Amino acid sequence: ARIISDRAMGNGRIEEITDIVYVDPEAFDASHTREIATEISRINQQMAREDRNYLLIGPGRWGSADHWLGIPVTWNDISRVTAIIEVSIEKLHADPSHGSHFFHNITSLGISYITVSSDKGQSVDWQWLGSFEPVDQTAHLRHIRFDSSATLKLDGLKGLAVLVEGASPT
């Protein structure tokens, strides 16, 4: 598995994931979260024009009003997202957003929300993500596309999620 979590909201399988947009953890700086939100919005608009969906990965609380705790996106900025993965990283210490208004809006729309805490044995395979040639790249984001799809499997009762690949670098 390329992504593993035991804190997932959602159930079932999201198949045919071919696009992932993620915040580069090496380039992340909490003082630039507003810029990151703008970059995500631009990529989301492009995905809408192409009628494509994507998996979104990044640090801290998504949709946070406090840009020091996460990326302050709005629904319009991420309307093509199929699942969101909130990652804890050393550069940003924020509790998961499982109680926020934004979070409840996302889950009510059927969008899976996953928290990955590396200190609890959960993981995102950043090296694997970095092995793909980006379709688009900014100072803070990478948008990658697979030649064959990946699948996100979720068990809402146990809170488990894994991303399994059918994808390899092109």
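This is a predicted model: local features need pLDDT of at least 70, side-chain atom pairs count only at pLDDT 80 or more; totals for chains, interfaces and linings use all residues.
Modeller: Residues are numbered from 1 along each chain as its sequence is written, and side-chain values use heavy atoms, with hydrogens and water left out.

Colleague: What makes E8 and E9 strands that pair?

Modeller: Strands are DSSP runs of E with at least two residues, helices are runs of H or I with at least four, and both are numbered from the N terminus. E8 covers residues 134-137 and E9 residues 141-155. Pairing requires that DSSP finds at least two bridges; E8 and E9 have three, in the antiparallel sense, so they pair. Asp-136 is opposite His-143 of E9, and three residues lie between the two strands of this hairpin.

Colleague: Which residues touch the most other members of the largest nonpolar core?

Modeller: Ile-20 and Ile-40, in a core of 46 residues. A nonpolar core is a set of buried Ala, Val, Leu, Ile, Met, Phe, Trp, Tyr and Cys residues joined through side-chain atoms within 4.5 Å. Buried means under 20% relative accessible area, exposed over 50%, and partly exposed in between, with a 1.4 Å probe and protein chains only. Buried residues are 45% of the 170 in the protein.

Colleague: What is Ile-20 in contact with, beyond its neighbours within four places in sequence?

Modeller: Contact means heavy atoms within 4.5 Å. The partners of Ile-20 include Leu-55, Ile-57, Phe-146 and Leu-163.
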